[in-house]
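Please read the points below alongside the sequence and coordinates.

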Amino acid sequence: MAIAQPATRPANPRFSSGPCAKIPTFKLELLSDAALGRSHRAAVGKDKLKAAIEETRDILGIPADYKIGIVPASDTGAVEMAMWSLLGARKATMVAWESFGAGWVSDVVKQLKIDAEVKEAGYGEIVDMASIDYNTDVVFTWNGTTSGVRVANGDVIPADREGLTICDATSAAFAQDLPWGKLDVTTFSWQKVMGGEAAHGMLILSPRAVERLESYTPAWPLPKIFRMTKGGKLIDGIFTGATINTPSMLAVEDYLVALNWAREIGGLPALMARADANAKVIWDFCGQKDWVANLAVNDENRSNTSVCLKFTDDRIQDGAAFAKAVAKRLEKEGVALDIGAYRDAPAGLRIWCGATVETADVEALMPWLEWAFEAEIEAQA
């Protein structure tokens with residue numbers, strides 16, 4: 001017989017990998033100071049946009065000579081801006097080990113038709129970053145949101161590289177220690193670790209990336225929302241709060257509230273510690289069970305934000321159907337929402353463990369995960 005339902009439920013069942021759970025202290029009243037009905041080009045709008053940029057710099061420890069811009073279309077828009085504006089000056093190396101990285105490969109090889117070497121690894125694995133020629137322009141994801149695998153560190157990226165490193169860090173920023181000196185372009189969105197609203201991306205440029213922008217003109221036309229230079233010079237206003245298109249001032253306020261919460265709890269070290277603690281609950285749980293395992297092959301590459309799991313029990317007849325049934329059962333009970341694996345990923349579950357998730361909720365979820373597994377094994381029989 002299936003085991004009895006656990007007595008304790010997660011206080012917040014939101015474990016979606018994007019948009020992610022709001023900060024634990026969130027309430028709509030915190031957004032009352034939003035500059036609603038005001039132009040984002042008015043002083044109040046510019047001040048808030050600049051504050052979002054500078055608070056991001058301070059909490060993440062981004063060097064003072066790096067440029068930070070708020071751009072349209074979330075992390076996707078930020079990555080596309082970087083690739084369309086910067087690539088083509090030299091050979092590229094496209095690195096992918098999950099669906100979003102594969103998307104960047106497709107855009108560069110099939111759309112921009114750039115001379116590129118493609119290095120790929122399967123879900124749960126990672127490309128050997130030491131095997132890459134960093135005299136080429138390298139595009140990669142730091143943390144694979146759909147595969148639960150991350151770069152352990154940036155040690156193998158040489159400081160004297162000739163190419164640019166373009167890093168999609170959307171599930172890593174605010175939860176993992178990013179080595180800014182090794183990254184020339186870094187992107188992320190507010191909706192991940194900070195639990196912000198979607199549709200806005202962050203684009204961070206090193207001085208080397210700015211130099212490329214000002215010295216190189218792509219052979220293809222650039223849409224307006226991708227243009228970062230004018231007359232061969234960087235449009236500096238983009239990186240001081242004068243956005244290319246109209247941002248949501250409500251979303252900006254929400255991000256500022258999240259940044260303030262991050263500062264109050266202790267900044268980046270506290271954010272990383274919360275994500276680590278959340279992920280460890282699941283890692284320890286998997287270590288005690290013989291029917292579930294982390295999708296990541298090597299422990300050093302396990303993500304502490306998007307934790308991806310696979311079922312390993314020989315009694316499971318249809319892996320995809322079984323995983324979907326477990327996720328559906330947990331959602332019906334109201335204990336875990338949106339934890340199914342990404343549509344292109346192997347069958348399993350994906351549990352978000354970013355800093356806005358409370359460790360107590362992850363702990364409360366684990367007995368429910370076992371209950372749902374046993375219930376589906378019995379239902380299958």
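Glutamate 376 and arginine 329 form a salt bridge, with the closest N and O atoms 2.6 Å apart; the term denotes a side-chain nitrogen of Lys or Arg within 4 Å of a carboxyl oxygen of Asp or Glu. The model is predicted: local features need pLDDT of at least 70, side-chain atom pairs count only at pLDDT 80 or more, and totals for chains, interfaces and linings use all residues. Residues are numbered from 1 along each chain as its sequence is written, and side-chain values use heavy atoms, with hydrogens and water left out.

**Salt bridges**

- Glutamate 376 lies in helix H8 (residues 359-380) and arginine 329 in helix H7, so their pairing ties together parts 47 residues apart in sequence; helices are DSSP runs of H or I with at least four residues, and strands are runs of E with at least two, numbered from the N terminus.
- Glutamate 376 is buried at 12% relative accessible area, whereas arginine 329 is partly exposed at 26%; buried means under 20%, exposed over 50% and partly exposed in between, with a 1.4 Å probe and protein chains only.
- The structure holds 20 salt bridges, among them one between arginine 9 and glutamate 333 at 3.3 Å, N to O.
- Arginine 9 is in the segment before H1 and glutamate 333 in the loop between helix H7 (319-332) and strand E14 (349-352), so this contact joins parts 324 residues apart in sequence.
- Arginine 263 and glutamate 55 also meet in a salt bridge (3.1 Å, N to O), linking helix H5 (residues 249-265) to helix H1 across 208 residues.
- Arginine 263 is partly exposed at 38% relative accessible area, as is glutamate 55 at 24%.
- Lys22, Glu197 and Asp254 are linked in a salt-bridge network.

**Aromatic contacts**

- A search of the whole structure finds 12 aromatic pairs, defined for rings of Phe, Tyr and Trp (its six-membered ring) with centres within 6.5 Å; planes under 30 degrees apart count as stacked, over 60 as edge-to-face and the rest as tilted.
- Phenylalanine 140 and tryptophan 142 form a tilted pair, 6.2 Å centre to centre with 45 degrees between the planes; phenylalanine 140 is buried at 1% relative accessibility, and tryptophan 142 is buried at 2%.
- Phenylalanine 285 and tryptophan 291 pair edge-to-face, at 5.9 Å and 80 degrees.
- Phe285 and Trp291 belong to one aromatic cluster with Phe311, Phe322 and Phe373.
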